[in-house]
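Welcome! Please take a moment to look over the sequence and the 3D structure before reading on.

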Amino acid sequence: MRDVKGTASGPVAMRGAGGEPAAVGAADRRAVAGLAVAVGSYGAAFGVLGTTAGIPVWLVIAMSVFVYAGGAQFAYVGAIAAGVPLPIAVSQALLINLRFVLFGAAIGHLFRGAGALGKGLAAHLMVDESVAMVATEDDEEAARRLYRLTGLALVGAWCLGTTIGALAATRIPDPAALGLDAAFPTAFLALLVPYMDGPERVVAALGAAVATAATVPFLPAGIPLVVGILGGVAAAWATGRRRV
Amino acid sequence: MSHLDAIVVLALGTYALRWAGLNLVPRLGAARVRAVVAAILAALVVLGTVTDGTALVVDARLPAVAVAAVLAVRGWPLIAVLVAATATAAVIRALGG
């Protein structure tokens, strides 16, 4: 993880003898492995849920490959299982994925110089966890390397998990019973803590937290997160201006 | 509409959102990016700790994330924080919480 007491904010990039950047560090690889376990477990849960809801096995797996968005996938399956018409289920799922526009804004600078294929793949690998892992990394080259590792590890884990769950269809233990649902907010918080390196960031974080919690009971799934992020940014901007 | 139709629409729509975020949002200044990052992480923490997406819910995740906060402040490696928080939630649930 980050050295909270050190100067670097974000994963520490290991350098070779000549100063050239080396592979992703061991601490980050371990963290990605831990996240992959949690992601894979929920992929399996999705595989079970999707097939149980009546979606053919091959299509459940294809959904994980081509949509690759856990929140939206679970929302879609939950909606159709509750009898919601398919077009509405799709709309609800897309609302949950609105967040990707803001995530892209946060990490887009990493891929400005990338080719079409690189940008294209980077887009597909963008999920909460891959964005979180690299967004606090100052070194852009290290961030891209970590994004590639995290992105590929998590999409692999998600799709492999889905395949296992879809084929097994029963007897997959509930990941929440193993506490795995706590893994995701834990990762985000652990990455946020050393990033709180100044009043503007603190205000943005607090504003976002309050705005998210306040809107969850009132807005359709997916919107509170977007409102929360924009609220946090607005709060930081407003207090920053007063300082000027 | 069949499931296949729905999932094709969902896949294309999702990719469009991802692509738009990466390519269409104008380049933000460094300060603005920092605020966005802090906001994203904090919002995700709240969403994943005290909500189920559409309602506020307090369950075993809250003490687990509280444990994570303490360990993170003390500089524990991320994998260790993940294991500790996950174990906390698992134990609480095993005990009926």
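## A salt bridge between the chains

B:R93 and A:D181 form a salt bridge, with their closest N and O atoms 2.9 Å apart. This is a predicted model, and across the interface of chain A and chain B the rule finds one salt bridge.

## How the two chains meet

Let's step back to the whole interface. On one side are 84 residues of chain A, in contact with 64 residues of chain B. Between them the two chains bury about 6400 Å², and 77% of that area lies on carbon and sulfur atoms.

Polar contacts are found here too: ten residue pairs between chain A and chain B are counted, with both residues at pLDDT 80 or more. The side of chain A that touches chain B is made up of 64 nonpolar, twelve polar and eight charged residues.

## An enclosed helix

Now find helix α9 of chain A, residues 183-192. Ten of its ten residues are buried, so the helix is largely enclosed by the rest of the structure. Among them are A:F184, A:P185, A:F188 and A:L192.

What do the buried residues of α9(A) pack against? Within chain A, their partners are α1 (26-52), α7 (128-135) and α10 (199-215). From chain B come α2 (30-50), α3 (61-73) and α4 (78-94).

## A histidine to look up

A:H124 sits in helix α6 of chain A, which covers residues 116-124. Is A:H124 buried or exposed? With a relative accessible area of 16%, A:H124 is buried, because that value is under 20%.

Leaving out residues up to four places away in sequence, A:H124 touches A:V65, A:F66, A:V67 and A:Y68, together with B:Y15 and B:R18.

Notes
Residues are numbered from 1 along each chain as its sequence is written. Chains are lettered from A and ligands numbered from 1 in the order in which they are written. This is a predicted model: local features need pLDDT of at least 70, side-chain atom pairs count only at pLDDT 80 or more; totals for chains, interfaces and linings use all residues. Side-chain values use heavy atoms; hydrogens and water are left out. Contact means heavy atoms within 4.5 Å. Buried area is the accessible area (1.4 Å probe) that two parts lose on being put together, summed over both. A salt bridge is a side-chain nitrogen of Lys or Arg within 4 Å of a carboxyl oxygen of Asp or Glu. A polar contact is a pair of N or O atoms within 3.5 Å; within protein, one must be able to donate a hydrogen and the other to accept it, and residues adjacent in sequence count only if both atoms are side-chain atoms. Ala, Val, Leu, Ile, Met, Phe, Trp, Tyr, Cys and Pro count as nonpolar, Asp, Glu, Lys and Arg as charged, and the others, Gly among them, as polar. Helices (H or I, at least four residues) and strands (E, at least two) are DSSP runs, numbered from the N terminus. Buried means under 20% relative accessible area, exposed over 50%, partly exposed in between (1.4 Å probe, protein chains only).
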